[in-house]
Each structure stands twice: as C-alpha cells, then as structure tokens.
Amino acid sequence: MQTNDQTIAQSVELRPLAEILRDKLRLSEEEFTTYGKYKAKIHSSSLSEKQANDQAKLVLVTGVSPTAAGEGKTTTSVGLTDALNLLGVNSVACLREPSLGPCFGMKGGAHGGGRAQVAPATEINLHFNGDLHAITSANNLLSAILENHIYWGNDLDIDPSRLMFLRAMDMNDRSLRKFKVPSRRDLLLDAGFNITAASEVMAVFSLAEDLEDLQRRLGNIVVARSKSGEFITARDLNVDGAMTVLLSEALDPNVVQTLEHNPVIVHGGPFANIAHGCNSVIATRTGLALADVVITEAGFGADLGAEKFLNIKCRQTSLKPHAVVIVATIRSIKMHANIPLDELTKPNVEALKTGLVNLEAHVQNLLKMGIVPIVAINRFESDRDDELLFVTKKMRELGVECNECTHWADGGRGALELAESVMACITKEDCKNFAPLYPTNTPLKEKIASVAKNIYHASGIEFTEAAETELNDLQQRGFGELPVCIAKTQYSFTADPKRLGAPNDHILPIREVRLSAGAEFVVVVCGNMMTMPGLPRVPAANQVGLDENGHIEGI
C-alpha cells in the first residue's frame with residue numbers, strides 16, 4: 001500500500017544528479033561517480049585539493065525526546081535546506097544512512113516526508129550504494145580473523161574467555177545477541193551480534209578523517225585480552241589493512257537530492273541511542289567545502305544525538321555548530337504529559353503546560369553548553385493557533401526563538417521563517433560561547449556523572465560491580481581522556497522508556513562498560529539497553545512488497 005510520501009515523491013520528476021552536482025556544487029565529472037541517474041559518490045580525495053570554504057557554517061538539527069506521535073527531525077532538516085536555497089543561500093544537508101533494522105522493524109524508512117524528503121527514497125532505505133554491507137563485512141572479517149587465530153595455535157596468547165568484539169548484521173534479530181561457537185578441540189567461545197549501526201566499525205567509519213585515519217582507527221580496535229591481561233588489537237592480528245580495503249570505496253560520501261532538487265549528502269549511520277548518532281565526518285567536511293551552510297542532523301533527542309555530536313564529534317574534529325535547531329510538535333509535547341496517542345489531536349492547553357517540560361529541559365541543556373537554540377514546531381493540520389502561541393510564548397520567555405513550520409505540506413516555502421531565524425542566529429553568533437560539557441582530562445566516572453546530572457537530570461549514577469571494575473581498569477590503562485558515549489533509551493531522560501517528561505529524581509543504572517579504542521570513546525550501557533534490537537510484534541516488514549507494476553511499496 002502506498003504512503004502519502006510515496007505518492008508525493010512519484011509526482012516529482014527528479015533531475016539527473018550529475019546536473020545538480022555540476023550546477024550547485026561546482027563539481028567536475030572527475031570528482032564524482034554516478035550510480036544510475038539519481039545517486040552518486042563524491043571522491044573525497046579530490047576535495048582535499050579544493051580550497052576550504054572558511055566561511056561555511058554548520059547547523060545542527062536535533063529534537064525533543066521522541067514519541068510515537070513523531071517529531072519530523074529529518075523532514076525539518078530537508079525542509080530547512082530547501083528553504084535556505086530559496087533564500088539564495090547555497091545549502092547542503094548531511095544526513096545519516098538508514099539501517100535495514102528500523103526500516104523493517106518499528107520506525108520504517110528514514111528519508112524525510114511529504115514535500116520535504118530525499119529521493120530516491122526506496123534506494124536510500126534499501127542497500128543504497130553498499131556502504132552498510134561494506135561495514136558489516138569489515139566487522140565480520142575481524143571476528144573471523146580473531147577466532148581463526150585462536151584456532152591455529154593462538155600465538156598472541158589470547159584468553160578465549162575474554163573476547164571483546166562482536167559480529168554485526170544490519171537487521172534486528174534478538175536471537176543473535178549472545179551464544180557460543182565451537183573453536184578448536186572442545187573449546188567454546190562466547191559470541192554475539194551488534195546491529196551494524198551500533199558496531200565500533202560503524203563509529204570508526206563515521207569519525208575517520210581520511211583513509212589513513214581510517215586504517216589507524218581500525219588497527220586500534222581492541223578485540224580481546226591476553227592471558228596476562230593485555231589488550232589485543234586488530235593491528236596485532238594484521239587485519240587492519242584488509243578491513244580498510246573493504247571500506248575504501250564506501251568511505252566516499254553518497255549524494256542524492258531533495259524533491260526541490262537540492263543536494264543531500266547521506267553517509268555514515270550510527271544510531272544515537274546505542275552509538276554516537278552522527279553522519280560521517282567526511283560527509284560533513286565535504287558539505288562545508290562545497291556549500292555556504294551545511295544542515296546536519298543528530299539522532300533522537302538532544303540528550304542523545306546532540307550531546308554526542310557536541311561532546312564526541314566536535315571534540316574529535318574541532319568542528320563546531322553555528323546554530324542549533326530543536327524540533328518538536330504539539331502532539332509530542334502533549335504525549336510527554338502522558339496523553340494517549342488517540343487523544344493528541346484534541347485541544348488541550350493544560351497538557352501542553354505539563355508536557356512542555358521535556359522541550360524546556362532540552363533547551364536548558366543546550367544553554368548549559370553555551371548554545372542558544374532555535375525551536376522549530378513542525379505543524380500538523382490538527383494543531384490550533386492558541387496551542388502554537390502558547391508554546392512560542394514559553395520559548396521566548398527562555399530567550400529562544402520559536403518558529404512554526406509547514407514544510408511537510410509546503411516544502412521549502414513552509415520553512416522560510418525558520419531559515420531566516422537560522423541565518424539571524426548565525427549572524428548574531430548565538431553559539432559562539434559553545435564549549436563541551438566536560439574537559440578532556442576529567443576522569444571517566446566524572447564524565448558519566450556530568451552527562452547524567454546535567455543532561456539527564458539524574459540525582460546519581462549506580463554501577464554494577466563488573467561495569468565499575470572495567471571503568472577503573474580503563475582509567476588506569478590511560479583511556480581516561482576519552483569521551484563517553486552513553487547507550488540509553490531514547491524515549492526518556494531516564495533509563496526507563498515509560499518515564500516521559502523531564503524526571504529529576506532518578507538514578508542512572510550502568511550495566512556495562514565497553515572500550516571503543518578505534519572510535520576513541522568509551523561506551524556506557526544503561527539499564528536494559530541492547531546493542532542488537534529486536535523486532536516489534538508487528539514489524540514494518542509486513543507492509544513492504546511489490547505492486548502489480550513491480551514497484552516497491554510500504555517503506
């Protein structure tokens with residue numbers, strides 16, 4: 001069954017992408033490779049020869065804690081990009097690649113919606129240009145080499161009971177979270193899978209500056225401990241070169257177009273709830289080299305994607321935002337007041353008063369890091385003017401501009417007010433005082449406590465014995481200067497997905513600590529969070545198929 005998004009997309013005739021790359025990004029045909037008429041990869045190596053655009057500005061789009069009502073963060077990123085181009089600003093969006101896990105699971109595709117979407121949608125959501133497959137293959141090559149080394153004599157004296165690296169696949173399959181595999185003789189090894197978007201190889205891929213940096217980071221991935229307790233790396237196994245070869249073509253960023261024929265770079269796809277949630281550094285730098293304003297998006301709410309963008313990606317790359325947009329809807333605000341999904345369209349200013357605490361908390365969190373954000377209210381047909389005015393007034397009391405947007409229905413024209421606010425924010429330098437939440441030399445435990453207290457509003461943190469032991473060991477071994485990447489439910493500031501709003505009386509329970517030495521951060525797993533998601537009772541895959549003309553529908 002076709003969705004409204006598919007019907008709208010099919011009503012628009014796309015431009016050959018090569019024309020857009022020549023006309024809008026000033027690329028020669030030697031600087032990109034097309035994959036059919038509407039997809040391409042930009043040769044990142046050729047861009048290093050171009051003069052950097054020192055005046056280019058970076059805009060981050062984030063959101064409130066997501067709800068079943070939907071917020072439209074990607075839709076807003078696309079609508080804002082189209083609106084800026086309508087204003088005469090050379091603008092490019094840089095988004096993450098969708099994963100097949102949510103595409104066939106609960107969330108569905110990730111390409112925007114209505115008249116603010118990226119095309120060709122089905123190809124972007126399904127396989128795209130093979131990047132996710134390359135990342136999965138590189139990950140699983142390392143797993144195979146690790147276990148093969150143990151099988152053939154174990155010259156590195158690896159402790160088979162202390163393996164630290166999991167296989168990966170780009171699909172939700174809870175049955176693969178943990179199991180045992182046979183090795184030589186009667187030896188059984190503990191094994192399991194991450195979803196590819198949560199793997200360290202995905203993080204390395206997304207944070208690498210170039211091929212040389214990619215191989216350095218891949219080589220640093222810790223896969224096990226020796227019997228004497230020393231870390232064993234991919235470089236020790238002499239597999240970092242082969243992994244780099246598998247990823248070398250994928251490292252060039254993909255480019256597609258909006259329905260208004262503006263370029264969109266889609267590259268790198270780490271989840272924000274269990275990974276660091278940002279598109280690739282190479283994609284961001286490519287956008288900044290080719291455009292005047294780059295719109296990038298960080299996954300889920302500002303407590304996850306934006307926090308990790310600011311404290312991991314910006315810290316590692318010296319990038320910084322020149323404006324930050326928080327996306328919300330009237331419906332999602334009501335839902336944070338525990339209003340049922342089927343009652344969200346009913347007028348209810350009292351619910352807005354209660355649910356607004358979530359949006360206010362995200363705003364206050366960014367203010368703590370020296371950022372004055374802009375709020376974008378993604379308007380639905382059921383929204384009332386008095387409800388919108390109430391939210392706008394409350395935001396302005398915090399010193400924050402609030403804009404109503406209708407880009408789903410109207411495309412770029414529906415986000416012109418937001419685009420003007422973004423340009424004003426850049427001019428006023430509303431983000432000039434940005435500083436990461438914690439200094440680099442802060443001990444790991446204090447970094448976790450800082451995020452828990454200042455971003456999640458927790459009253460404290462609580463470790464399992466194993467997690468605290470691992471954390472102390474990493475601190476003593478010299479990894480204390482790494483940032484922390486907290487894996488936590490996206491639905492709440494707490495580790496309990498059912499606690500909506502902005503609770504401040506909770507303890508953050510830390511179950512597990514994992515070193516990602518290649519990605520250069522420490523992963524902190526909270527509560528019941530899983531790095532291999534499961535499928536819902538009714539997966540989105542049940543709605544996907546081919547129509548009588550052989551066209552894909554249901555994504």
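Residues are numbered from 1 along each chain as its sequence is written, and side-chain values use heavy atoms, with hydrogens and water left out. Because the model is predicted, local features need pLDDT of at least 70 and side-chain atom pairs count only at pLDDT 80 or more, while totals for chains, interfaces and linings use all residues.

**The three-stranded sheet**

Helices (H or I, at least four residues) and strands (E, at least two) are DSSP runs, numbered from the N terminus. Two strands pair if DSSP finds at least two bridges between them. By these terms, 3 strands make an open sheet with antiparallel pairing, in the order β7-β12-β13. β7 (158–163) and β13 (231–233) are the edge strands; each has a single partner strand, so one side of each lacks a neighbour in the sheet. Neighbouring strands are turned by 50 degrees against each other on average, direction ignored. For such angles, axes are lines fitted to C-alpha atoms, for helices over the stretch in contact, and angles run from 0 to 180 degrees between N-to-C directions.

β7 and β12 are joined in the antiparallel sense by 2 bridges, and I158 stands opposite S226 in β12. Strand β12 (residues 222–226) runs antiparallel to β13, with 3 bridges between them. The pairs on this side include R225 with F231 and V222 with T233. A hairpin is formed by β12 and β13, with 4 residues between the strands, and G229 in its turn has a positive phi of about 95 degrees. Buried means under 20% relative accessible area, exposed over 50%, and partly exposed in between (1.4 Å probe, protein chains only). In β12, 5 of 5 residues are buried.

Helix α19 (residues 465–479) lies across β12 and β13 and runs at about 70 degrees to β13.

A further hairpin is that of β9 and β10. Strand β9 (residues 179–182) and strand β10 (residues 188–191) run antiparallel and are joined by 4 bridges, with P182 opposite L188. There are 5 residues between these strands, and R185 takes a positive phi near 50 degrees.

The expected span of a helix is 1.5 Å times one less than its number of residues. The table sets this value beside the distance between the end C-alpha atoms.

| Helix | Residues | Length | Expected span | End-to-end distance |
|---|---|---|---|---|
| α7 | 131–151 | 21 residues | 30 Å | 30 Å |

An α-helix has 3.6 residues a turn, so residues three or four places apart point the same way. After α14 comes G370, with a positive phi near 80 degrees, and just after α7, G153 has a positive phi of about 115 degrees.

Another open sheet has 4 strands in the order β20-β22-β23-β21, with mixed pairing. Its edge strands, β20 (460–463) and β21 (484–487), each pair on one side only. β21 pairs with strand β23 (residues 521–526) in the parallel sense over 4 bridges, and V484 stands opposite V522.

I486 lies in β21 and is buried, with a relative accessible area of 0%. Leaving out residues up to four places away in sequence, I486 touches N273, L304, K308, I448, V451, Y456, V524 and C526. I486 and Y438 are 48 residues apart in sequence and 14 Å apart in space, C-alpha to C-alpha.

A disulfide is taken as a pair of cysteine sulfur atoms within 2.5 Å, and the count comes to 0 disulfides. The sulfur of C314 is 7.9 Å from the closest cysteine sulfur, in C278, which is too far for a bond. C485 is in no disulfide either, its nearest cysteine sulfur being that of C278 at 8.9 Å. C314 is buried at 5% relative accessible area, and C485 is buried at 1%.

Technical notes. Contact means heavy atoms within 4.5 Å.
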